[in-house]
Amino acid sequence: MSITRINIGPIHPSTHGVCRLVVDVDGDTIVKVEPHIGFLHRGVEKLVENRMYMQCPPYMEKLDYVAPMSMDDLYVGAVEAALGVEVKERAKYVRVILLELQRLASHLFLIGSVGNDLGLMFTMFMWAFKDRDLILKLLEEATGQRMFYVNMRLGGLVNTLPKDFEEHTIDTLEGLEKRLKKYQAFLEKNPIFIERMKGVGVLKKEDAIDLGVTGPVLRASGVRYDVRKNNPYYVYRELNFSEKVLYDGDNLARFRVRILEMYESMRLIRAAFEKMPEGDEKGMPIRLITPKAKNRIVVVNREVPRGEGLIYMVADPEKAYRLSIRAPSFINLAALEHITKGARIADLFAIFGSLDLVMADVDR
Amino acid sequence: MLIGSLEGIMGNGLSSHNPLVMLLFVVIYAVGVLIIMSAFAYVFGWIERKIIAKIQLRHGPNQVGKYGILQNLADIVKLISKEKAVPSNADRSLFILAPQLMLSLMVFLILLVPIFPSLQVANFGLSMLAIFVLLGFSPLILFVIAFSSGNKFADLSAQRSVLMLMSYEIPMIITVASVFLVSNSYNIQSIVAMQSKTWFAIMLPIGFIVFFIAMLAELERPPFDLMEADSELIAGWLTDVSAPYYAIALFIDYTRMFLGGLLISILFLGGWNGPILPPTVWLIVKAFVIAIFIIIIRASTVRMRIDRVLRLGWVWLIPLALINLVMAYVLFG
């Protein structure tokens, strides 16, 4: 049969953003997928060079609109390292709580879109979004914003946690944990779902390491690597974080790893609330920043929901001289061509979705 | 068919000596049935949107008319008033003709399936067989639409439609044959009359299940909606279909589901047989129950892949359909 070249995107119901895929198909089988990116390129890394350090977090948050706080934290972490600012003890716990809530919200997005990619029109999506909304409400309570929080300050956060935040969070998590079990059963008890996910888009351990993918995609291929474990920051070591690893490397493993991570996140949040010391978590107000950068070159990495986020920064006293972001989505996208080879066209978006890409993060 | 319908009506005591008057009567009656069936299909479309919305924790249409009942009408009016766009590399005449062909096919089907059992538009010896002949045409017309639009997504969808046809049409016809075998007739009236004591669903449980699954595929309902798989093929054969043609497609989509419900209830669930309530009400209630079940399936399952559909068809449905046929012959033949 002759090879048909179809052009999917940049505007397409299920590309998770503006990504253009040029797909060569032989009948129903994919021969080659070529992602074309750059539709959302805004030159954030360059913009940073023209702004003071703490003017930049809003730009960073727009890199990953599914989990904005994680990118914000990555950047602020890099600035803290450059300026040599110590994060307050309580602020570490609060940051862990907020970041893990953000991770829950981000993974819920994936669980919803998995259904959509496989043709379950919006049922799972709406359910997952209902829960995501509850978490966003919690984050709104804590930061004042629903989506772009800009709540990280040097050494801490912009404001203290509200009084009954702990109670609300524990309540929400309890409900979420129950529903998450139901969602997983709803999807996985369906033989068609298992049929569509198992053994599809297999990424072998060696290939995963060679391609440099990180995050849940890497851990689903059986590699024990999680920045929270291998290079612990904040209080992940004190909270006995354990990374979740599965070995099949297929769509189903990628889906299940994220669900396991969600349970782990919930455990972390509960543990953090228990161990959280009294005190103050407020960081420096932006206006009063005077410290000059001490370290010239900073490399900071964080486990954002999509994988390992890393910032390489050459610091000038008041602003970044150069900033380079290792975007997890960008690197994970590189695996797409490899794992879709020989798959069915119907599975293309299931595989694409399982990589959990955010195009803004890819294009920067 | 027309003669059959004349006989059918005359058989019900409405006879006239003037053939022209009779013809006029039949036409008026047919138009009436068409309108009533369309109304049911319309209500059905609304119910589908509402039920799916409820399952998905949404409100569904609730602005146009009471409880959003006029939303679909508004959609259709909007679509009809839009520009008729035909893609530049489409086969123009086929692209315009095929949806209308499909509509006329649907009209024939509607006239063949009775909702008022005592007043059937076309009642003749082979009425049930005729329905399946016409039903077998509809995937071919989809195929024509898909190929004539000259779109690559539609092409892929057309390829799938042929593969689908191979996997579900055969078991469906075999199961229908078992019903013909038991009822000893191709006529809708006598098939229903045979079920006045026991439904065929109870006599031929395997056949009922096979037929239901095959019907889901025939109606292109999830998990068999591969032809308009929106996550990969945008809208499959409908990708380039727009404005009034899309309105036709929407209408056909809802009508077909209502028809599917009617067919399943006539063939396996005793048709209009039932106590107390008038026969028409029974038939429609059964059709709606089936259709609501189909909607719930739509809201809760992911789509199958084409190779798996083929596998399901040839490894499960066809052998089961044959077993059912043999059982029907041995037990009731």
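Two strands count as paired if DSSP finds at least two bridges between them, and strands (E, at least two residues) and helices (H or I, at least four) are DSSP runs numbered from the N terminus. With that in hand, take β2 (residues 20-26) and β3 (residues 29-36) of chain A: they run antiparallel and are joined by seven bridges. This is a predicted model, where local features need pLDDT of at least 70 and side-chain atom pairs count only at pLDDT 80 or more, while totals for chains, interfaces and linings use all residues. Residues are numbered from 1 along each chain as its sequence is written, chains are lettered from A in the order in which they are written, and side-chain values use heavy atoms, with hydrogens and water left out.

**The β1-β2-β3 sheet of chain A**

- This is an open sheet of three strands with antiparallel pairing, in the order β1-β2-β3.
- At the edges sit β1 (3-8) and β3 of chain A, each pairing on one side only.
- Neighbouring strands here are turned by 20° against each other on average, direction ignored; axes are lines fitted to C-alpha atoms (for helices over the stretch in contact), and angles run from 0 to 180 degrees between N-to-C directions.
- β1(A) and β2(A) are antiparallel and share six bridges, with A:T4 opposite A:V25 in β2(A).
- β2(A) and β3(A) make a hairpin with two residues between them, and A:G27 in the turn has a positive phi of about 70°.
- Helix α12 (residues 328-340) of chain A lies across β2 and β3 of chain A, at about 165° to β3(A).

**The β6-β7-β8 sheet of chain A**

- Chain A also has an open sheet of three strands in the order β6-β7-β8, again with antiparallel pairing.
- β6 (297-304) and β8 (320-326) of chain A each have a single partner strand, so one side of each has no neighbour in the sheet.
- The twist from one strand to the next averages 15°.
- Six bridges link β7 (residues 307-315) of chain A to β8(A), the two running antiparallel; one of the pairs is A:A315 with A:A320 in β8(A).
- Helix α3 (residues 68-83) of chain A packs on this sheet and touches β6, β7 and β8 of chain A (contact means heavy atoms within 4.5 Å), its direction making about 155° with that of β6(A).

**Where chain B meets chain A**

- Which chain gives 25 residues to the contact, and which gives 34? Chain B gives 25 and chain A gives 34.
- About 2700 Å² is buried between the two chains, with carbon and sulfur atoms giving 59%; buried area is the accessible area (1.4 Å probe) that two parts lose on being put together, summed over both.
- On the chain B side, B:S231, B:V302 and B:R305 lose the most area to chain A, together 24% of what that side buries.
- The rule finds one salt bridge across the interface, meaning a side-chain nitrogen of Lys or Arg within 4 Å of a carboxyl oxygen of Asp or Glu.
- B:R305 forms a salt bridge with A:D347, with the closest N and O atoms 2.5 Å apart.
- α6 (152-183), α10 (230-233), α12 (279-300) and α13 (306-332) of chain B each supply at least two residues of the side that touches chain A.
- α6(B) has the largest share of that side, five residues.
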